[in-house]
Structure formats: C-alpha cells, structure tokens
Amino acid sequence: TPVKRTMAQTGEKKKKETILDFTKFIDKVVRVKFHGGREASGILKGFDPLLNLVLDDATEYLRDPEDLSRLSDEKRSLGLIVCRGPAVIALCPADSMEPIANPFLQQDT
C-alpha cells in the first residue's frame, strides 16, 4: 500500500495564491492607503501574490502636523516605489475615490 506523505515530509511548498486580481489596474493611476495612516498614489506597474505593489511616479499625501488623522494639502514626490503588501489597507482607482462624511460622528445639537 502506498504511504501518504504530507507536504512537509516531501519538501513541497504550497504555492501562495491571492483572491485579489489587480491586473485591471495595471498602468492606471491608483491610490493606496497604508496601515498607520499614510496615503500615496501612482501608476500601478506590478504586484505579487503577497500584494506587494510597484508604483511609478508615486506621490505621498502628507498629514497635517496639528491633526495627524487628517491629510494636509502638501504632497511629496517619491518616484518609483515598492509598497509592502502587509502594510496595504486599501487600493482603489484614483479617479473614482471621493471622501464621505463620517456617519459615526455624533452631531452637536
């Protein structure tokens, strides 16, 4: 009878697969939000199964020094960058993103 072996015993590694497909965003301007509050935009040039991203002509949107939860009007040009997948929280096309009011803030009456 054949002996069943686990992947660890045979030395095989399970190939990492992602359920997200960013190919429709390749060569388009995207905006990326990162863990910790940073935001950047640029032309998506590539990605891998761990969601590491390559952005060209990237721009970082700087935060307001007086209120770190808000973005200021200042920007910083970064050029070609690699974004670590575990730090990425959101990715969206730059032309279809618009801010909305926070529905959880209590209104002053």
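**Entry 1: ground rules**

I take contact to mean heavy atoms within 4.5 Å, and I begin with Leu-91, which, leaving aside its neighbours within four places in sequence, is in contact with Phe-22, Phe-25, Val-30, Arg-31, Val-32 and Leu-53. I note that this is a predicted model, in which local features need pLDDT of at least 70 and side-chain atom pairs count only at pLDDT 80 or more, while totals for chains, interfaces and linings use all residues. Residues are numbered from 1 along each chain as its sequence is written, and side-chain values use heavy atoms, with hydrogens and water left out.

**Entry 2: confidence**

I looked up pLDDT, the predictor's confidence in each residue, from 0 to 100, and found that the protein averages 82, with 76% of the residues scoring at least 70. Helices (H or I, at least four residues) and strands (E, at least two) are DSSP runs, numbered from the N terminus. Confidence is lowest in helix H1 (residues 7-10), where the mean is 60, and highest in strand E2, where it is 95.

**Entry 3: the sheet**

I count two strands as paired if DSSP finds at least two bridges between them. I then traced an open sheet of 5 strands in the order E4-E3-E2-E1-E5, with antiparallel pairing. Its edge strands are E4 (71-83) and E5 (88-93), each of which pairs on one side only. From one strand to the next the twist averages 30°, where axes are lines fitted to C-alpha atoms, for helices over the stretch in contact, and angles run from 0 to 180 degrees between N-to-C directions.

Strand E1 (residues 29-34) pairs with E2 (residues 39-47) over 5 antiparallel bridges, and I see Val-32 bridged to Ala-40 of E2. The two form a hairpin with 4 residues between them, and in its turn Gly-36 has a positive phi of about 105°. On to E3 (residues 53-63): 7 bridges join this strand to E2, again antiparallel, with Ile-43 partnered by Asp-56 and Ser-41 standing opposite Thr-59. The hairpin of E2 and E3 has 5 residues between the strands, and there Leu-51 takes a positive phi near 70°.

**Entry 4: the core**

I call a residue buried under 20% relative accessible area, exposed over 50% and partly exposed in between (1.4 Å probe, protein chains only). A nonpolar core is then a set of buried Ala, Val, Leu, Ile, Met, Phe, Trp, Tyr and Cys residues joined through side-chain atoms within 4.5 Å. The largest one has 14 residues, and those touching the most other members are Phe-22, Val-30, Val-32, Leu-44, Leu-53, Leu-55 and Leu-91. I note that E1, E2, E3 and E4 each supply at least two residues of this core.

**Entry 5: charged pairs**

I found 5 salt bridges in the structure, each being a side-chain nitrogen of Lys or Arg within 4 Å of a carboxyl oxygen of Asp or Glu. In one of them Lys-45 meets Asp-27 at 3.1 Å, N to O. Because Lys-45 lies in E2 and Asp-27 in the loop between H1 and E1, this pair ties together parts that are 18 residues apart in sequence. Lys-45 is partly exposed, at 42% relative accessible area.

Which residues form a salt bridge with Glu-39? I found Arg-31, with the closest N and O atoms 2.8 Å apart, and Lys-33, where they are 3.6 Å apart. Within it, Glu-39 is buried at 9% relative accessible area and Arg-31 is buried at 19%, whereas Lys-33 is partly exposed at 33%.
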